Amino acid sequence: MKRKNVGKNELIKAPCRKYGVTTKHKALKIISCIYDEEESGPFDIYEDYKIIYCLGCDTLSFNYDLLVLADGEVSQSQKDFFPAHLHARKSFKHVFDLPFTIQKIYKEVITALANKLNLIPAIGIRMLVEAICEDKKVQGKNLREKIDDLANKDYLTKEGAKFLH
């Protein structure tokens with residue numbers, strides 16, 4: 001494997017971890033790795049590791065890019081950001097106004113989504129609905145009835161209740 005520092009202060013476009021939109025970032029450090037035939041067989045493998053600084057919100061992220069070529073064609077491509085964040089999604093800005101249990105569940109659901117875990121958020125959304133039902137002291141012998149009671153008490157729209165059913 002050949003490693004090389006390919007630069008810094010390069011401007012790149014990347015998702016902002018605070019606001020969830022694509023913004024300009026400054027690459028503070030970039031290290032590229034190229035694997036030779038002995039390590040990668042018939043594939044050409046390129047990895048970039050970047051420390052990036054968002055010029056919009058002044059936050060730091062780590063970016064990992066992987067590109068695998070087979071016979072000159074893209075075989076695999078991967079782009080990850082750490083800490084993980086959701087692209088094109090802002091965090092709920094009043095999360096700290098929520099009761100602690102609801103806050104904790106909400107943050108874990110968002111973190112699971114950002115880390116591309118698909119099953120865990122589904123379970124978390126159910127837990128979130130149940131915690132809200134408990135907090136609002138809604139009535140019902142099952143979750144469906146409790147969701148209906150949330151809508152009847154105007155904590156949730158009728159469309160929202162249909163969606164959750």
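**Figure 1. Burial and surface of the chain.** Of the 165 residues in the chain, 31% are classed as buried; the model is a predicted one. The accessible surface amounts to about 11400 Å², and carbon and sulfur atoms contribute 54% of that area. The chain carries 27 positive and 23 negative charges, whose mean positions lie 9 Å apart.

**Figure 2. Secondary-structure elements and overall extent.** Five helices and six strands are present in the chain. Read from the N terminus, the elements follow the order β-β-β-α-β-β-β-α-α-α-α. The chain is more spread out than a compact globule, because its radius of gyration of 22 Å is well over the 15 Å that the globule rule gives for 165 residues. Along the principal axes, the C-alpha atoms fill a box of roughly 65 × 35 × 25 Å. Among contacts in the chain with a separation of 6 or more, 36% join residues 24 or more positions apart.

**Figure 3. The largest nonpolar core.** Eight residues form this core: Val129, Cys133, Val138, Leu143, Ile147, Leu150, Ala151 and Ala161. Helix 3 (119–136) and helix 4 (143–152) each provide at least two of the core residues. Helix 4 makes the greatest contribution to the core, supplying four residues.

Figure 4. When residues up to four places away in sequence are left aside, Ala151 touches Leu156, Thr157, Lys158 and Ala161. Ala151 and Ala161 both belong to the largest nonpolar core.

Definitions and conventions. Residues numbered from 1 in each chain as written. Predicted model: local features only at pLDDT ≥ 70, side-chain atom pairs only at ≥ 80, totals over all residues. Heavy atoms only, no water. Rg over C-alpha atoms; globule rule 2.2 N^0.38 Å. Buried < 20%, exposed > 50% of the residue type's maximum accessible area, 1.4 Å probe, protein only. Contact = heavy atoms within 4.5 Å. Areas by Shrake-Rupley, 256 points an atom, 1.4 Å probe, with all protein chains shown as cover. Lys, Arg positive; Asp, Glu negative; His and termini not counted. Charge placed at Lys NZ, Arg CZ, Asp CG, Glu CD. Core = buried A, V, L, I, M, F, W, Y, C linked by side-chain atoms within 4.5 Å.
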